[in-house]
Amino acid sequence: MGIRAVIIDNREPEWVQKLSFGGVPTTVATLEYGDLQVLCDDDSTLFIERKTSDDLLGSIKDERLMVQMAKCANAKYESQLFDQRIDPVWSYLVITGTFYPGVNGKVVTERGITGWNWNSVMGVLINVQEMGVPVVFSPDNASYEKTVMLLAGRNRDPQTTVLPPRPPLILSPGHQV
């Protein structure tokens, strides 16, 4: 299995827009959600949201992350529940770069030790995975293309698919009050 074509969000940095993903056709466009949409040989579509470790923390802080992940997760739910197709959509959060717990329990990124509590950030990532969006780590930007190609090459046998335990629900501002 592999990649047939890739759509890259136009807000991604130039180095991402220039990736070739093994020489498949690529195009740059504005995506509603995700930073990449990857059409695979098995007719599956991957929605990939890429975050550097520092961008991940910023997205948690300004509350963008959960909304972005809910949109990606809902794409899979809608394809499964409404189109009644078996798993044509897979969403992933790919975190690139340095990201590990420091000796003091704080998150360490490229900029060094942050003020973020490791357990708190792991709790957020568990919530993302419980929505149905697996979290994948890529060691650096240079490995990102290979990581996407590995995800595209995975076996997505429908017999092993189980809906996540907690589907996301995005509340309108009125419902939040």
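Start by selecting Arg4: at 36% relative accessibility it counts as partly exposed (buried means under 20% relative accessible area, exposed over 50%, partly exposed in between, with a 1.4 Å probe and protein chains only). This is a predicted model, where local features need pLDDT of at least 70 and side-chain atom pairs count only at pLDDT 80 or more, while totals for chains, interfaces and linings use all residues. Residues are numbered from 1 along each chain as its sequence is written, and side-chain values use heavy atoms, leaving out hydrogens and water.

The term stands for a side-chain nitrogen of Lys or Arg within 4 Å of a carboxyl oxygen of Asp or Glu. Arg4 lies in strand β1 and Asp43 in the loop between β3 and β4, so the pair ties together parts that are 39 residues apart in sequence. Asp43 is partly exposed too, with a relative accessible area of 48%.

Next, show the strands. Six of them form an open sheet with mixed pairing, in the order β2-β1-β3-β4-β5-β9. Helices (H or I, at least four residues) and strands (E, at least two) are DSSP runs, numbered from the N terminus, and two strands pair if DSSP finds at least two bridges between them. At the edges you will find β2 (26-29) and β9 (135-138), each pairing on one side only.

Zoom in on β3 (residues 36-40) and β4 (residues 45-52): they run antiparallel, joined by four bridges. Val38 stands opposite Leu46 in β4.

Then bring in the helices. Helix α2 (residues 53-61) packs on the sheet and touches β4 and β5 (89-96), its direction making about 95° with that of β4. Contact here means heavy atoms within 4.5 Å; axes are lines fitted to C-alpha atoms, for helices over the stretch in contact, and angles run from 0 to 180 degrees between N-to-C directions. Helix α5 (residues 144-152) lies across β1 (3-9), β3, β4, β5 and β9, at about 150° to β4.

Stay with β4 and pick Glu49. Is this residue buried or exposed? Glu49 counts as buried, at 5% relative accessibility. Beyond its neighbours within four places in sequence, its contacts include Gly34, Gln68 and Tyr92.

Finally, select Lys51, which is buried as well and forms a salt bridge with Glu49, with the closest N and O atoms 3.5 Å apart.
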